[in-house]
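Subject: Structure handover

Hi,

Here is the structure I promised to pass on.

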Amino acid sequence: YECVDCRYQYSVTTGTVFHDSHLPLTKWFLGIYLICSAKKGVSAKQLQRQLSVSYKTAWYMAHRIRLAMSEDDDFCQKFAGVCEVDETYIGGRGKGPRGRGAANKIPVVAIKERTSGKIRMKAVNNVKASTLRGFIRNHALPGAEIHTDEFKSYLWLDSSEFVHNAVNHSETYVKAGNIHTNGIENVWSLFKRAITGVFHKVSAKYLPLYLNEFAYRFNHREQVCLLDKVLETSC
């Protein structure tokens, strides 16, 4: 097609993740299906084998598809009710302390709405109170009940617009009143197994895409055919 006014030439794939690609749409659709149907995701190496394309092409396709999954409208909706918040560190094994304060690792914070079971995940520069405050306010409505551990960066929640309940993991994992962060801990377990077992290593530059892919697939895990929804987002 060609624009009458500016003579710009375009096709039906312009403005979609398929734009400027010479691959048949059938391979794109199969790639989307493979990524959506795998609980822990699919590596570029596996796409290369199953689609009979080069590794460079498979890597390009995977990141284009992850980009489409990160543009889901659901990511704009804020959570309400009981929400669990926790943070973790992503990176390979190294010397020194594990967990908070680990060297050469990327901190990631996440929130899970207990009623819907949906999550939001974000790579951050640090886990200071100001950073976590911005994340929680971006993803939770005022009045939401926030469950965390007793990390000091969550102390501001006690005098905020949220209801805060903390559990001391050195004493118990479930506090009276069903106060716990077990749901978000399970999310970390799934995500870390995906990194270790499928991708092996993820760079800081592309970690946000992997987080959005995982959150997208987790949030729509009850949908029978996720392929249709991703195609709708892609276009």
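Let me start with the largest cavity, whose lining is made up of Lys40, Gly41, Phe191, Ala194, Ile195, Phe199, Tyr210, Glu213, Phe214 and Arg217. Helix H5 (182-199) and helix H6 (207-219) are the elements that each give two or more residues to that lining. (Helices are DSSP runs of H or I with at least four residues, strands are E runs of at least two, and both are numbered from the N terminus.) The space inside the largest cavity is about 50 Å³, and the count of cavities of 30 Å³ or more comes to one.

Before going on, the housekeeping. This is a predicted model, so local features need pLDDT of at least 70 and side-chain atom pairs count only at pLDDT 80 or more, while totals for chains, interfaces and linings use all residues. Residues are numbered from 1 along each chain as its sequence is written, and side-chain values use heavy atoms, with hydrogens and water left out.

On the terms: cavities and pockets come from a 1 Å grid over the protein atoms alone; a cavity is a set of points where a 1.4 Å probe fits but cannot get out, a pocket is an open set with protein on both sides within 12 Å along at least five of seven lines, and lining residues have an atom within 4 Å of a point. Grid points are joined across faces, edges and corners, and a volume is the space filled by probe spheres set on the points.

Back to the cavity: its lining has six nonpolar, one polar and three charged residues. (Nonpolar is Ala, Val, Leu, Ile, Met, Phe, Trp, Tyr, Cys and Pro; charged is Asp, Glu, Lys and Arg; the others, Gly among them, are polar.) Domain 1 (21-69 + 204-234) and domain 2 (77-202) each put at least three residues into this lining, with the bounds coming from an automatic or database domain assignment.

The second largest pocket also involves both domains: domain 1 and domain 2 each give residues to its lining, so the pocket lies between them. Its volume is about 240 Å³. Of the 16 lining residues, Ala44, Tyr55, Trp59, Phe199 and Tyr210 lie nearest the centre. Phe199 and Tyr210 turn up in the cavity lining as well. Helix H3 provides the largest share of the pocket lining, five residues, and H2, H3 and H5 each supply at least two. By class, that lining has nine nonpolar, four polar and three charged residues.

Now the packing. Overall, 46% of the 235 residues count as buried (under 20% relative accessible area; exposed is over 50% and partly exposed in between, with a 1.4 Å probe and protein chains only). The largest nonpolar core has 25 residues, and Ile32, Ile35, Leu47, Met69 and Val230 touch the most other members. (A nonpolar core is a set of buried Ala, Val, Leu, Ile, Met, Phe, Trp, Tyr and Cys residues joined through side-chain atoms within 4.5 Å.) Helices H1 (25-37), H2 (44-51), H3 (55-69) and H7 (226-234) each supply at least two residues of this core, and H3 gives the most, with six. Apart from it there is another core of 21 residues, including Ile195, Val198, Tyr210 and Leu211.

As for the fold, the chain has seven helices and five strands, running α-α-α-β-β-β-α-β-β-α-α-α from the N terminus. Strands count as paired if DSSP finds at least two bridges between them. S1 (residues 82-90) has eight of its nine residues buried. S1 pairs with S2 (residues 106-113) in the antiparallel sense over eight bridges, where Cys83 has Glu113 as its bridge partner. S1 also pairs with S4 in the parallel sense over three bridges, with Val82 opposite Glu145. S4 (residues 145-149) has four of its five residues buried and pairs with S5 (residues 163-167) in the parallel sense over five bridges; there, Ile146 stands opposite His164.

Two backbone spots to check. Most residues other than glycine have a negative phi. Asn178, in the loop between S5 and H5, has a positive phi of about 60° and counts as partly exposed because its relative accessibility is 45%. His200, in the loop between H5 and H6, has a positive phi near 70°; His200 is exposed, with a relative accessible area of 60%.

Cheers
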